[in-house]
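User: I'm new to this structure and would like a close look at a single part of it. Could you walk me through it?
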Amino acid sequence: MANATLQSAAAPRLRPLGRDLIGLALIALAGLSGYWLFPDNLAFLTRVISVALLVLSLDLVVGYCGIASLGQAALYGAGAYAAGIACINGITDPILLILIGAVAGAVTGLFTGAVMLRAHGLPQLVLSIALVQLLHEAANKASWLTGGSDGLSGMAPAPLFGVFEFDLWGRSAYLFGLCLLLVVFAVLSLIVRSPFGMVCRGLKEDPLRISALGIYAFPVLLKMFVISGAVAGTGGALAAIATQVVGLDSVSFELSANALVMLVLGGIGHLYGALIGTVIFMALEHTVAAINPFHWMTLVGAVLIAIVLFAPRGLSGTLDQIAALLTRRGGRAGR
Amino acid sequence: MNGTSFGRLLRSGALALAGTLATLSGAAFADTIKVGIIGPFSGPFALQGKNFQAGAEAWLAQNGKTVAGHDIELVYRDLPTANPQQARALAQELIVKDKVQYLGGVYFTPDAMAITPLLKQGNVPLVIFNAATSAIMNSSPLVVRTSFTLPQTTTPLGKAAVERGAKKFVSIVSDYGPGVDAEGAFKKAITAAGGEVVESIRIPLNTTEFSPIMQRIRDSGAEGAFAFLPSGPPTLGFVKAFSDTGLKKAGVKLFAPGDLTQESDLPALGEAADGLITSFHYAVSHDSEVNKRFVAAAEKAIGAPDLLSFPAVGAYDGMFVISKMIAATAGKQDAEKAVEAVKGLGWESPRGPVKIDPETRHITQTIYLREVAKDAQGRWINKEIASFPEQGDPGLAK
């Protein structure tokens, strides 16, 4: 990872704002072409966006702060349940529901962060698993509030701006989700490049040196946890609005682990890596499961092993390498 | 520079592609009727899903893949465990993308509850092959069920349990829709028969370790125990634990709906299940001509005879109901007319005479009291010892 930072530091600082805008435009383009190309798959694509938000939030914690976590779904589920419960109790405006989800995620992030930051390394990982399991069991036990194993259903979110309904075909849900993703991605790009983001990165790579600079790590990391919670909560709330069901699955260890797999697949420590990983993993799972609903897990496992063996730095890391190779050659040709 | 022309190119390309796809799929479903089947085809409950598949394919093998001139195509979608969100996504995609005219399958209640709100908008009926909570039927008028409900299978058990000399009972159920239904129905039936339930225990749906539960049964001092868990690894573990921890030897009598002794688990349970009294709608060993033909076809579809179990009969009868729906609507997509057509429909199922109740759209059938025993060939079976004909769903009867 130190390698990567050195590389990006060595590269000429080519107007980062401009690069961000190009990145955002690319995401928007990819998203809109998804809308045009797969008009019958919008429900699935909306799920991809909602999970992408979860993976982005995990990247903030794992990739930028170096905190091991296998419990990120706790934050996602908190957002989903908060939005779902609010919707059932009469708050139906989708934008308000997203905000409620984000706040619930942020608050959960504050608490889980406060607990997890007491430990380091493997104990921290174990704590994260314990936390998501606890929340899972709490949601299961409080079935009067969450529906327990039966799931929380009966939500009817109001049309977006009073016009665009969340229906069976999922057009408004998808475009709404895409806009959310763009906004979140833009904000996160700014955050990770801000001095605060740099301190987080520094804490990941050399905590001793950062503390020698007089910076106290705990509040910095906790702040990142809260931001991460808000992002995950947004994803959860989006899922709740789009599918109008919230199940125990959304606060499960399984989802947390899957999110980590997607992040590793895409490349840790790059925001766009989180997006690539989510899209590729979910698209793979989705297609293979449709082609062979009986043995699809075997195939997905085999492909994952292949990717990890041949692209150990994740797909975005490999893309970076290829890009570096190409620019070097291009540079030489130019000279 | 030429960003706009590029955009136009992309868009026209996308449109062309979408157009081709549309014509392709249009040609494909002109006279093929797709039936989407959602079930656990992988993961811990894969065997139950395989039984869905075996039942549906046994029906097609016996009756042909054409109904009233329309070809039937089954589209399977995997939902490994109870996951309402995923269930909804799968159903939505089957309706929107795969353009199925009928939905079938569904093993777990939470999944069924997540799917029912889509039916009206999608103009698609759902024929449930398993999910067994009474309340599902109230959530949409487009649901028909060919399996059973827990109140339906449990109620006859109350009298039988008290007759076998136990008065004080403890009930253990999985903490979700059907479990709560079973707990309530058993308590009602036991109280009516003159016994009492001294303790009711609810355990999380995904529990796999049962020794603490067995300790609680022992501590409760009950003479009889009632248990319901969804068929699969949980029931196998439970019955084994009941025997291994010595409760069976200590004389505590276990009564349960047939979910706990499904035929595919019996070889593994062996002596542990010997003599267990259950009540259920179907035993693979049921003695009738129709059942013999069904079992032969279903065993062929599933590969090994030992794997066959009750979800197969739900799927088999479900396919029969869907075929009647297709015939009644002449292949046109009209969910309301399709459901209307099968209300009151009666036929001879492998489990015995059955009928779709016109009020509840749930199946009225004979419930059998069975005992786990060895048959003439030395295989463990659920031996039918009494029958209660024409049982509706007490959970739905108002």
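User: Is Ala330(B) buried or exposed, and why?

Analyst: Happy to take you there, with the reminder that this is a predicted model. Ala330(B) counts as exposed because it has 11 C-beta neighbours inside 10 Å, and a residue with 12 or fewer falls in that class. Ala330(B) sits in the loop between helix H12 (311-329) and helix H13 (335-342) of chain B. Its backbone is worth a look too: phi of Ala330(B) is near 55 degrees, a positive value in a residue other than glycine.

Now for the part of the chain around this loop. The domain assignment of chain B gives domain 1 as 31-148 + 287-361, and domain 2 as 151-280 + 368-391. The C-alpha centres of these two domains of chain B are 27 Å apart. Where they touch, domain 1 of chain B brings 18 residues and domain 2 of chain B brings 17 residues. On the domain 1 side, helix H2 (46-63) and helix H4 (109-122) of chain B are the elements that give two or more residues. That side of domain 1 of chain B is made up of twelve nonpolar residues, five polar and one charged.

You will find Gln244(A) in the loop between H11 and S2 of chain A. Here the surroundings give another answer: Gln244(A) counts as buried because it has 23 C-beta neighbours inside 10 Å.

Technical notes:
Residues numbered from 1 in each chain as written. Chains lettered and ligands numbered in written order. Predicted model: local features only at pLDDT ≥ 70, side-chain atom pairs only at ≥ 80, totals over all residues. Domains from an automatic or database assignment. Contact = placed C-beta atoms within 7 Å. Helix = DSSP H or I, 4+ residues; strand = E, 2+ residues; numbered from the N terminus. Nonpolar A, V, L, I, M, F, W, Y, C, P; charged D, E, K, R; others polar. Buried ≥ 20, exposed ≤ 12 C-beta atoms within 10 Å, placed from the backbone.
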